[in-house]
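Please keep the sequence and the model in view while reading.

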Amino acid sequence: MLEYQNYINGRWVPSRSGQRLESRCPATGEVIGTVPRSVPEDVEAAVAAAKSAYRKWRLTPAPRRAQYLYEVGELFRSEKQALGELLTTEMGKVLPEALGDVQEAIDMAFYMAGEGRRLFGAVVPSEMPNKWAMACRDPVGVCGLITPWNFPIAIPAWKMFPALVAGNTVVFKPASDTSLLGARFVELLDRVGIPPGVVNLVTGSGPTVGDAMVAHPDIRVISFTGSTDVGRHVLRTAAETLKKVHLEMGGKNAIIVMDDADLDLALDSVVWSAFGTSGQRCTAASRVILQRGIAAPFTASLVERTKALRLGDGLSPETEVGPVINAAAVEKIHAYTEIAHREGVAMLCGGEPWHGEGRLAGGFFYRPTVFGNVQPHQRVAQEEIFGPVTSLITIDTLEEAIEVNNSVAYGLSSAIFTRDVNAAFRALRDFDTGLAYVNHGTIGAEIQLPFGGNKGTGNGLREAGLAGLEVFTVWKSIYVDYSGRLQRAQIDTDSVTAEEN
Ligand code: NAD
């Protein structure tokens, strides 16, 4: 059993509520640890600590701030196996994927540490003589980080490392289902000696702790990743205090397979993108759009491969598909099977919970599911299911494929398999998503490029890459006039010449 407290002002402290929240292993249903069930007073204490620490942290030179990230990156690297095993235990994804989740945090630590010596601004010519014009990035202040359970190490890293290198302090609330990993994450920052108050952890429920963070006037940025419904609520609540809000939300992504595609490659990619992480990735391929010429043989191969996938404990090397996060997820996924049934969709395989044996009998599993002959407007093709479920849609032309691809309320990731370079570039031009792939599935983004989506997926800001810094910085434009006289921008430009200098 792992027991953690909140981490506020450099100390591990219990919640003022005195209550605890249990964390369960989704493969077995067993309780594996507890964290505080925090209340708004705990958020208050964390924000006060972060606000006070900000005064000094903001003035700490960025290369020195970055030094903590290099050290924490090294620590994540040396703890990678243990962190990966805890990740599989608390969240469920199979161990190789869990190690990948940790690797993303390592990569982001080093990438953002490098920014400590860059954080580039801009120096531009002035329209006036003897005047200097430039812009630099300022930190924003206290940032509230609210994260989901599906990437419990990577997503906190995507948010926290750019926030810290840019000079902000943070209050971090991990998802309730993966609070132990959130606490372990912060423990590593504590071990590298991050100054008190720079990073604060408050565990607990979204409606209690998350809401208090979003409403808090001293939190100047909320970076939220989670469902679109909650994101919409976050944006509304944040409007009261006019804070900056970064939202990364749901997805309904598609892979298009054209008649001329490398079908073996497309099949491998569909299986990986639809059923990796038990379909619980925001970028999961929950739709597969098949051109008519290959639809029947591709469907048959996909169903055969899907039926053969081995479910089980993610720590076991034979397991290909782990559990889903909790009992409510099994119910939600199954509700979509019933919706599909009512809408007359063909069930090609799966469509029911899976019950393991022995310790796994209490786990939360769903059989990988393929729906066939789905119409693009049907609910299983429009709504995010967030489980090992994918819907097959048949089309005739590239134009139709792109139209179907773009016909959902979300806009995160799209992929096309084709050998026709013209078709590939047309698709890249016309996909309305934040991520686009050719001959690669919808999952597998790299940390050095912007990550995020459009429409119901995001509100325009991006995570990762240099774009990630936009969330955690504001621009300051600076003018230095060394002419010694009044120079009026936009007015005196014609009358002032270089000879007068
Ligand atoms: P969720 O919306 O239920 O919860 C996300 C976080 O918000 C959690 O920490 C939760 O406690 C908190 N929260 C809940 N209610 C809140 C409230 N009223 N105020 C403030 N915070 C609140 O999502 P989830 O189930 O943890 O994660 C799955 C969702 O996340 C899926 O929709 C998935 O697509 C999305 N996701 C998106 C991305 C992306 O980058 N676009 C990445 C991963 C996951």
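On a 1 Å grid over the protein atoms alone, a cavity is a set of points where a 1.4 Å probe fits but cannot get out, whereas a pocket is an open set with protein on both sides within 12 Å along at least five of seven lines; a lining residue has an atom within 4 Å of a point. The model is a predicted one, in which local features need pLDDT of at least 70 and side-chain atom pairs count only at pLDDT 80 or more, while totals for chains, interfaces and linings use all residues. Residues are numbered from 1 along each chain as its sequence is written, and side-chain values use heavy atoms, with hydrogens and water left out.

The largest cavity holds about 80 Å³ of space. Among the residues that line this cavity are Gly251, Asn253, Arg281, Glu384 and Phe386. Its lining divides into 5 nonpolar, 5 polar and 2 charged residues, where Ala, Val, Leu, Ile, Met, Phe, Trp, Tyr, Cys and Pro count as nonpolar, Asp, Glu, Lys and Arg as charged, and the others, Gly among them, as polar.

The second largest cavity has about 40 Å³ of space. Its lining includes Lys252, Asn253, Arg287, Tyr410 and Thr433. Strand E13 (253–257) and strand E20 (410–411) each contribute at least two residues to this lining; helices (H or I, at least four residues) and strands (E, at least two) are DSSP runs, numbered from the N terminus. By class, the second largest cavity is lined by 4 nonpolar, 5 polar and 2 charged residues.

The open spaces follow. The largest pocket contains about 980 Å³ of space. Of the 41 residues in its lining, Pro148, Trp149, Gly226, Ser227 and Val230 lie nearest the centre. The elements that give two or more residues to this lining are helix H5 (154–165), helix H7 (206–215), strand E11 (219–225), helix H8 (228–239) and helix H11 (327–342). H7 gives the most, with 5 residues. The lining of the largest pocket comprises 21 nonpolar, 13 polar and 7 charged residues.

What takes up the space of the largest pocket? The ligand does, on the criterion that a molecule sits in a cavity or pocket if more than half of its atoms lie within 2 Å of its grid points. Around the ligand are 29 residues, of which Thr147, Lys173, Ser227, Met249 and Glu384 come nearest; a residue is near a molecule if one of its heavy atoms lies within 4 Å of it. H7, E11 and H8 each supply at least two residues of this shell, and H7 gives the most, with 4 residues. The shell has 14 nonpolar, 11 polar and 4 charged residues.

One oxygen atom of the ligand is 2.9 Å from an N or O atom in the side chain of Trp149. A polar side-chain atom of Lys173 also lies 2.9 Å from an oxygen atom of the ligand, and a polar side-chain atom of Asp211 lies 3.3 Å from a nitrogen atom of the ligand. The ligand taken alone exposes 850 Å², of which the protein buries 89%; such accessible areas come from the Shrake-Rupley method with a 1.4 Å probe.

The second largest pocket has a volume of about 360 Å³. It is lined by 22 residues, and Glu104, Phe151, Arg281, Gly444 and Ala445 lie nearest its centre. Helix H4 (95–115) and H5 are the elements that give two or more residues to this lining, and the largest share, 7 residues, comes from H4. By class, the lining of the second largest pocket has 9 nonpolar, 6 polar and 7 charged residues.

Definitions and conventions. Grid points are joined across faces, edges and corners, and a volume is the space filled by probe spheres set on the points. A polar contact is a pair of N or O atoms within 3.5 Å; within protein, one must be able to donate a hydrogen and the other to accept it, and residues adjacent in sequence count only if both atoms are side-chain atoms.
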